[in-house]
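What follows is a walk through one structure, from the details around one residue out to the whole chain. Please keep the sequence and the 3D view at hand while reading.

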Amino acid sequence: MTRPEPADLAATFKQTIMLFEQNRYDPFTMLLAYNISKVFDVTIEDLFDFWRQKHD
């Protein structure tokens, strides 16, 4: 699988995939989302409601 394929599937940029591959992606935002979801005892999806934001 080439970089554009997972990037398209994940709705991100191929550069982001490259950074993940090189272990250079700063997961701060993911960690923050995870920690906030744990504080409120909800899933990350419940916290941000990604589906509604994408389709509104």
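Contact here means that heavy atoms lie within 4.5 Å. The model is predicted, and the contacts below are computed from its coordinates.

Start with Ser-37, a residue of helix α3, which covers residues 28-39. When neighbours within four places in sequence are set aside, Ser-37 touches Val-42, Thr-43, Ile-44 and Leu-47. Two of these partners, Ile-44 and Leu-47, can be found in helix α4, which spans 44-48. Is Ser-37 buried or exposed? Ser-37 counts as buried because its relative accessibility is 3%, and the cut-off for buried is under 20%.

Next comes the loop between α3 and α4, where Asp-41 is placed. The phi angle of Asp-41 is near 55°, which is a positive value in a residue that is not glycine. Asp-41 has a relative accessibility of 70%, so Asp-41 counts as exposed; the cut-off for exposed is over 50%.

Now take the protein as a whole. Its secondary structure consists of five helices and zero strands, and the order from the N terminus is α-α-α-α-α. The protein has 56 residues, of which 9% count as buried.

Confidence remains. The average pLDDT of the protein is 77, and 79% of the residues score at least 70. Helix α1 (residues 4-9) has the highest confidence, at 83, while helix α5 (residues 50-55) has the lowest, at a mean of 58. Where pLDDT is low, predicted coordinates should not be read in detail.

Key:
Residues numbered from 1 in each chain as written. Predicted model: local features only at pLDDT ≥ 70, side-chain atom pairs only at ≥ 80, totals over all residues. Heavy atoms only, no water. Helix = DSSP H or I, 4+ residues; strand = E, 2+ residues; numbered from the N terminus. Buried < 20%, exposed > 50% of the residue type's maximum accessible area, 1.4 Å probe, protein only. pLDDT = per-residue confidence, 0-100.
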